[in-house]
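Here is a walk through one protein chain. Start with the whole, then move to single residues.

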Amino acid sequence: MKLEKILTYFLLFLLILCIIGTIYLIYAPKIGERFTEFYILNKDLKAYDYPTDLLINESAMVFIGVSNHEYKDMNYTILAFLSDKVYDYNYTVNITILNKWNETLSYKYALSKKVYLRNNETILIPLNFSISIPGRHKIEFILLKDDERKVYRELHLWVNVKEKEELI
C-alpha cells in the first residue's frame, strides 16, 4: 500500500514534468543558423541586368539589400568603393571611409552608410553612383558589423567605363 502511494506520487510528478517540458518546447523560440543576407539588385529590384557599361560620370543605380537573421538587433556599415583587391571574410578594410553616400566612386576612399536592423528586418538602400575614370573597374560592396573594420560580407560588380559613346 505504501509502495503504491509512492509510485502514484512519482508518476504524478513525472506527468507534471512532461506537461511543463511540452509547454516549454512549444513556446521557447528555436535558434537556428545565424546569418545576414547581403545582396545587390538593379533599379527594377531584380538580381540581374546590372549597370555594367557606363560613360565617364554617368549616373547609375543599384539597390543594396541587407536582411538581419542574427537573432538580435544589429548595427551594420555598408561600404562602396573601387578596388583591385580581393576581400575575404575577416579581412580588415584599410581605406579611408567617408560618411557620404550617392557620390562618385573612388579607389582612394569608400562611401559609407550606417544601418540599424532589428532581428528579421530587411532594408533596401538605393545607391546612385558614377565613375570618373575610364576602364574596367571592380566596385566593392562590403558589409561591416558592430563598427568593426573586418569584412563580414562582400559583393562586387564589374563595370566598364568609356570616355564617350561609341557610334555604331
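Of the 168 residues of the protein chain, 33% count as buried. Buried means under 20% relative accessible area, exposed means over 50%, and partly exposed lies in between (1.4 Å probe, protein chains only). The model is predicted: local features need pLDDT of at least 70, side-chain atom pairs count only at pLDDT 80 or more, and totals for chains, interfaces and linings use all residues. Residues are numbered from 1 along each chain as its sequence is written, and side-chain values use heavy atoms, with hydrogens and water left out.

Look at the overall form. The C-alpha atoms fill a box of roughly 105 × 35 × 25 Å along the principal axes. The chain has a radius of gyration of 26 Å, whereas a compact globule of 168 residues would have one near 15 Å. This radius is taken over C-alpha atoms, and the globule rule is 2.2 Å times the number of residues to the power 0.38. The chain exposes about 11300 Å², and carbon and sulfur atoms supply 57% of that area. Such areas come from the Shrake-Rupley method with a 1.4 Å probe; for residues, only the protein chains shown count as cover.

Now trace the chain. Along the sequence, the pattern is α-β-β-β-β-β-β-β-β-β-β. Helices (H or I, at least four residues) and strands (E, at least two) are DSSP runs, numbered from the N terminus.

How do strands join up? Strands of a sheet pair through backbone hydrogen bonds, either parallel or antiparallel. Here, four strands form an open sheet in the order β1-β3-β8-β6, with mixed pairing. Its edge strands are β1 (35–41) and β6 (104–105), and each pairs on one side only. Two strands pair if DSSP finds at least two bridges between them. Eight bridges join β3 to β8 (residues 122–131), and these two run antiparallel. One place to look is serine 67, whose bridge partner in β8 is threonine 122.

Asparagine 68 is also in β3, which spans residues 60–69. Is asparagine 68 buried or exposed? It is buried, with a relative accessible area of 0%. Its side chain reaches the backbone oxygen of arginine 118 at 3.2 Å. Beyond its neighbours within four places in sequence, asparagine 68 is in contact (heavy atoms within 4.5 Å) with residues including Phe35, Tyr76, Leu117 and Arg118.

Next, turn to the nonpolar cores. A nonpolar core is a set of buried Ala, Val, Leu, Ile, Met, Phe, Trp, Tyr and Cys residues joined through side-chain atoms within 4.5 Å. The largest has 28 residues, and Ile78, Leu127, Phe129 and Phe141 have the most contacts inside it. Strand β4 gives the most to this core, with five residues. Apart from it lies another core of nine residues, among them Val93, Ile142, Leu144 and Val151.

Among contacts in the chain between residues at least 6 apart in sequence, 72% join residues at least 24 apart.

Finish in the loops. Most residues other than glycine have a negative phi. Asparagine 102, in the loop between β5 (96–98) and β6, has a positive phi near 60 degrees. Asparagine 102 is partly exposed, at 36% relative accessible area. Aspartate 146 sits in the loop between β9 and β10, and its phi is positive too, near 55 degrees. Aspartate 146 counts as partly exposed, at 36% relative accessibility.

Definitions and conventions. Polar contact = N/O pair within 3.5 Å; in protein donor to acceptor, adjacent residues only side chain to side chain.
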